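Here's a quick briefing to read with the model open beside you.

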Amino acid sequence: MNLESPKITIDKPAQEVFNFLSDLKNFESLMPENISNFEILEADKFLFALKGMPEIVLKLKEVNAPSKIVLGAAGGKIDFSLTGEIHEINPTTSDVQLLFNGDFNPMMAMMIRGPITKFIETLVSNIPTAI
């Protein structure tokens, strides 16, 4: 299952956006209001939970400055990734888009498509005010 957030334009250089997203503690400021837990486990790993949902642990899997950051599931039963793509428009402006990729059975995909779409849309829409 592949999902894409809307692409947003930010009045910040690509490197600044990349640096912000590379620092995992900053993801707390991007989370939806219904977050019930956020914890940095290691320099490259964090845990979060939304009310009524199980805890999810994400690990930094790949960094390609200043254009790409990949977070992936760190253990658990479900394998997925969340990729942040950053494109420089000019020296002071960049585009950001989040991409979700997971391997789910059709029933699971049908159940989680809506909540995950809303989740990644919330994350990306919170980036401009959080940086």
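There is one cavity of 30 Å³ or more in this structure, a cavity being a set of points on a 1 Å grid over the protein atoms alone where a 1.4 Å probe fits but cannot get out. Keep in mind that this is a predicted model, where local features need pLDDT of at least 70, side-chain atom pairs count only at pLDDT 80 or more, and totals for chains, interfaces and linings use all residues. Residues are numbered from 1 along each chain as its sequence is written, and side-chain values use heavy atoms, with hydrogens and water left out.

**The cavity**

- The largest cavity has a volume of about 50 Å³, volume here being the space filled by probe spheres set on the grid points, which are joined across faces, edges and corners.
- Its lining (residues with an atom within 4 Å of a point) is made up of Leu 21, Phe 27, Ile 69, Leu 71, Leu 82, Thr 83, Gly 84 and Leu 98.
- Strand S6 (68-73) and strand S7 (80-90) are the elements that give two or more residues to that lining; strands are DSSP runs of E with at least two residues, helices are runs of H or I with at least four, and both are numbered from the N terminus.
- S7 gives the most, with three residues.
- By class, the lining has six nonpolar, two polar and no charged residues. Ala, Val, Leu, Ile, Met, Phe, Trp, Tyr, Cys and Pro count as nonpolar, Asp, Glu, Lys and Arg as charged, and the others, Gly among them, as polar.

**Aromatic rings**

- Rings of Phe, Tyr and Trp (its six-membered ring) pair if their centres lie within 6.5 Å, with planes under 30 degrees apart called stacked, over 60 edge-to-face and the rest tilted; the count comes to six aromatic pairs.
- Phe 27 and Phe 46 are stacked because their ring centres are 5.4 Å apart and their planes sit at 25°.
- That pair links distant parts of the chain, 19 residues apart: Phe 27 is in the loop between helix H1 (14-22) and strand S3 (35-42), and Phe 46 is in strand S4 (residues 45-50).
- Phe 27 is buried at 6% relative accessible area, and Phe 46 is buried at 0% (buried is under 20%, exposed over 50%, partly exposed in between, using a 1.4 Å probe and protein chains only).
- Phe 100 and Phe 104 also stack, at 6.0 Å centre to centre and 5° between the planes, and both are buried.
- One aromatic cluster takes in Phe 27, Phe 38, Phe 46, Phe 48 and Phe 119.

**Pro 66**

- Pro 66 is in the loop between strand S5 (56-64) and S6, and is partly exposed at 31% relative accessible area.
- Leaving out residues up to four places away in sequence, Pro 66 touches Ala 14, Gln 15, Phe 18 and Ile 86, where contact means heavy atoms within 4.5 Å.

Conventions
1 Å grid on protein atoms, 1.4 Å probe; cavity = no way out; pocket = protein on both sides within 12 Å on 5 of 7 lines; lining within 4 Å.
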